[in-house]
Amino acid sequence: MRTDGVGVITREQAIEFGVGGPVLRASGIEYDVRRAEPYCARSIRNSIGKSR
C-alpha cells in the first residue's frame, strides 16, 4: 500500500513524544491509564462538581 510505514513511531519515540492512548499502544507499549489509575478522572470530576 502507498501508506505502509507512514506515521509509524517506535517505542522510544512514543515515550519521548509523550503520546498516550491508542498511539502509545500501537507503538508496542501495553499501558492503559484507565486501568493504571482508574480513579484519577473520577476524583477530578467530583472535585469540580463540588465547587459549583
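A residue counts as buried when its relative accessible area is under 20%, as exposed when it is over 50%, and as partly exposed in between (1.4 Å probe, protein chains only). Keep those cut-offs in mind for the tour below.

The model is predicted, so local features need pLDDT of at least 70 and side-chain atom pairs count only at pLDDT 80 or more, while totals for chains, interfaces and linings use all residues. Residues are numbered from 1 along each chain as its sequence is written, and side-chain values use heavy atoms, with hydrogens and water left out.

Start with the whole protein. It has four helices and zero strands. Both are DSSP runs numbered from the N terminus: helices are H or I with at least four residues, strands are E with at least two. Read from the N terminus, the order is α-α-α-α. The protein has 52 residues, and 10% of them are buried. Its accessible surface is about 4,800 Å². Carbon and sulfur atoms hold 55% of that surface. The areas come from the Shrake-Rupley method with a 1.4 Å probe; for residues, only the protein chains shown count as cover.

Now find S27. It sits in the loop between α2 (21-26) and α3 (33-36). S27 counts as buried because its relative accessibility is 11%. What does S27 touch, leaving aside residues up to four places away in sequence? The answer is I9, T10, R11 and A14. Contact here means heavy atoms within 4.5 Å. The side chain of S27 also has a polar atom 2.6 Å from the backbone oxygen of L24.

G21 is partly exposed, because its relative accessible area is 27%. P22 is exposed, at 61%. Each can be paired with a residue further along the chain. For P22 and D32, 10 residues apart along the chain, the C-alpha separation is 8.9 Å.

Side chains of opposite charge can pair when their charged atoms come close. The whole structure holds one salt bridge. That term means a side-chain nitrogen of Lys or Arg within 4 Å of a carboxyl oxygen of Asp or Glu. Which side chains meet in the salt bridge? They are those of R35 and D32, at 3.9 Å from N to O. D32 is buried, because its value is 15%.

Terms used. Polar contact = N/O pair within 3.5 Å; in protein donor to acceptor, adjacent residues only side chain to side chain.
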